[in-house]
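Here is a friendly walk through one model, for a reader meeting it for the very first time. Please have a look at the sequence and the structure before reading on.

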Amino acid sequence: MTTTEKIRWSDNMLVGFKPMDDEHHAFVEMIERMQNAGADELPPLLDQFADVADAHFDSENKMMEETQFPPRQCHIDEHMAVLKSVAEVRELLAEGRLDIGASLVDELAKWFPGHVTHLDSALSHWMCKKQLGGKPVVIKRSLNLQHDK
């Protein structure tokens, strides 16, 4: 269904703040499920994704607001843009435009790793400094799941 490389959870997406890492893992799993879905399966999955994304973004937005994270508005604006795109595509899917759903899923799979690397990692550092007095330590494994025999 998708033309983009499949998204997969990896340690490269860890930011070192467990609440965010747990939510990011679920977020990636939802995108992966949508990438593997048939066109007729996508509308209900996108509905579920909208709920997951809304809750995840709300959680991050609250963290940023409550702790006065300096670049919060840029981060919040990006969350709002994603939710807006998801809402627009859900409307188009309801009208029978199943082709547009795959395009959104492709864009989400391309967008999310960069969002984690640039915006969420900064928020993780901020939250760890606020709660623990220092930056997170993140150990990232390089796993090769294909073994030569």
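Helices H2 and H4 (residues 98-132) pack at an angle of about 20°, and their axes lie 12 Å apart. Axes here are lines fitted to C-alpha atoms, for helices over the stretch in contact, with angles running from 0 to 180 degrees between N-to-C directions. The two helices are therefore roughly parallel to each other, a term for angles under 35 degrees. H2 passes H4 in a left-handed crossing, meaning that the near helix is turned anticlockwise from the far one by less than a right angle. Helices are DSSP runs (H or I) of at least four residues, numbered from the N terminus.

This is a predicted model, in which local features need pLDDT of at least 70 and side-chain atom pairs count only at pLDDT 80 or more, while totals for chains, interfaces and linings use all residues. Residues are numbered from 1 along each chain as its sequence is written, and side-chain values use heavy atoms, with hydrogens and water left out.

How far apart are the end C-alpha atoms of H2? They are 37 Å apart, which agrees with the 38 Å that its 26 residues should span at 1.5 Å a residue; the expected span is 1.5 Å times one less than the number of residues. Just after H2 comes Gln68, with a positive phi of about 55°, a value found here in a residue other than glycine.

Buried means under 20% relative accessible area, exposed over 50%, and partly exposed in between (1.4 Å probe, protein chains only).

| Residue | Relative accessible area | Class |
|---|---|---|
| His24 | 0% | buried |
| Ala50 | 8% | buried |
| Gln68 | 46% | partly exposed |

Gln68 sits in the loop between H2 and helix H3 (72-94). Ala50 belongs to H2 (residues 42-67), and, leaving aside its neighbours within four places in sequence, is in contact (heavy atoms within 4.5 Å) with Val86 and Arg90.

His24 lies in helix H1 (residues 18-35). Not counting residues up to four places away in sequence, His24 touches several others, among them Trp9, His56, Glu60, Phe112 and Asp120. From His24 to Leu14, 10 residues apart in sequence, the C-alpha distance is 8.3 Å.

Finally, the aromatic rings. Phe27, Phe49, Phe57, Trp111 and Phe112 are linked by ring pairs into a cluster. Rings of Phe, Tyr and Trp (its six-membered ring) pair if their centres lie within 6.5 Å, and by this rule the count comes to seven aromatic pairs.

Technical notes:
Rings of Phe, Tyr and Trp (its six-membered ring) pair if their centres lie within 6.5 Å; planes under 30 degrees apart count as stacked, over 60 as edge-to-face and the rest as tilted. Angles under 35 degrees count as roughly parallel, over 145 as roughly antiparallel, 65 to 115 as roughly perpendicular and the rest as oblique.
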